[in-house]
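This briefing concerns one part of a protein model and the contacts made there. Please keep the sequence and the structure in view while reading.

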Amino acid sequence: MIEEKAQEIEKALRELDRMFLKEQEGKIYHIMLDALDKSLIKNTLSITFGNQIKAARLLGINRNTLRAKIKKLGISLSEVKS
């Protein structure tokens, strides 16, 4: 059952890669990770009202790593503080 689901996911990802990311073929893994990271970090920062130290602790990552990800992913701290 789990293996069937994994195969379905793999097939869907290959299809996404083929259909939507032709110009970036083979990069879907990093695109998906960045999208997941951005959502997770934005939500965690919202919960902590923009407090990066608390957010880093909740995420289990170093504060400097969090700051680097915020910069890389273009997350606006003013958005998450409100």
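At the start of helix α4, a side-chain oxygen of Asn-62 comes to within 2.6 Å of the backbone nitrogen of Asn-64. The model is a predicted one.

- Leu-66, Ile-70 and Leu-73 are the buried residues in α4.
- Viewed down the axis of α4, these buried residues fall within an arc of 85°, so they line one face of the helix.
- Lys-71 and Lys-72, on the other side of α4, are exposed.
- The packing partners of the buried residues of α4 are α2, α3 and α5 (77–81).

**The crossing of α2 and α4**

- The crossing of α2 past α4 is left-handed.
- Five nonpolar, no polar and five charged residues make up the contact of α2 with α4.
- On the α2 side, the contact involves Asp-34, Asp-37, Lys-38, Ile-41 and Leu-45.
- On the α4 side, Leu-66, Lys-69, Ile-70, Lys-72 and Leu-73 take part.

**Gln-52 in α3**

- Gln-52 belongs to helix α3, which spans residues 52–59.
- Gln-52 counts as buried because its relative accessibility is 15%, and buried means under 20%.
- Apart from neighbours within four places in sequence, Gln-52 contacts Leu-45, Leu-66, Arg-67, Ile-70 and Leu-77.

Notes
Residues are numbered from 1 along each chain as its sequence is written. This is a predicted model: local features need pLDDT of at least 70, side-chain atom pairs count only at pLDDT 80 or more; totals for chains, interfaces and linings use all residues. Side-chain values use heavy atoms; hydrogens and water are left out. Helices (H or I, at least four residues) and strands (E, at least two) are DSSP runs, numbered from the N terminus. Buried means under 20% relative accessible area, exposed over 50%, partly exposed in between (1.4 Å probe, protein chains only). Contact means heavy atoms within 4.5 Å. A crossing is left-handed if the near helix is turned anticlockwise from the far one by less than a right angle, and right-handed if clockwise. Ala, Val, Leu, Ile, Met, Phe, Trp, Tyr, Cys and Pro count as nonpolar, Asp, Glu, Lys and Arg as charged, and the others, Gly among them, as polar. The arc is that of the directions from the helix axis to the C-beta atoms. A polar contact is a pair of N or O atoms within 3.5 Å; within protein, one must be able to donate a hydrogen and the other to accept it, and residues adjacent in sequence count only if both atoms are side-chain atoms.
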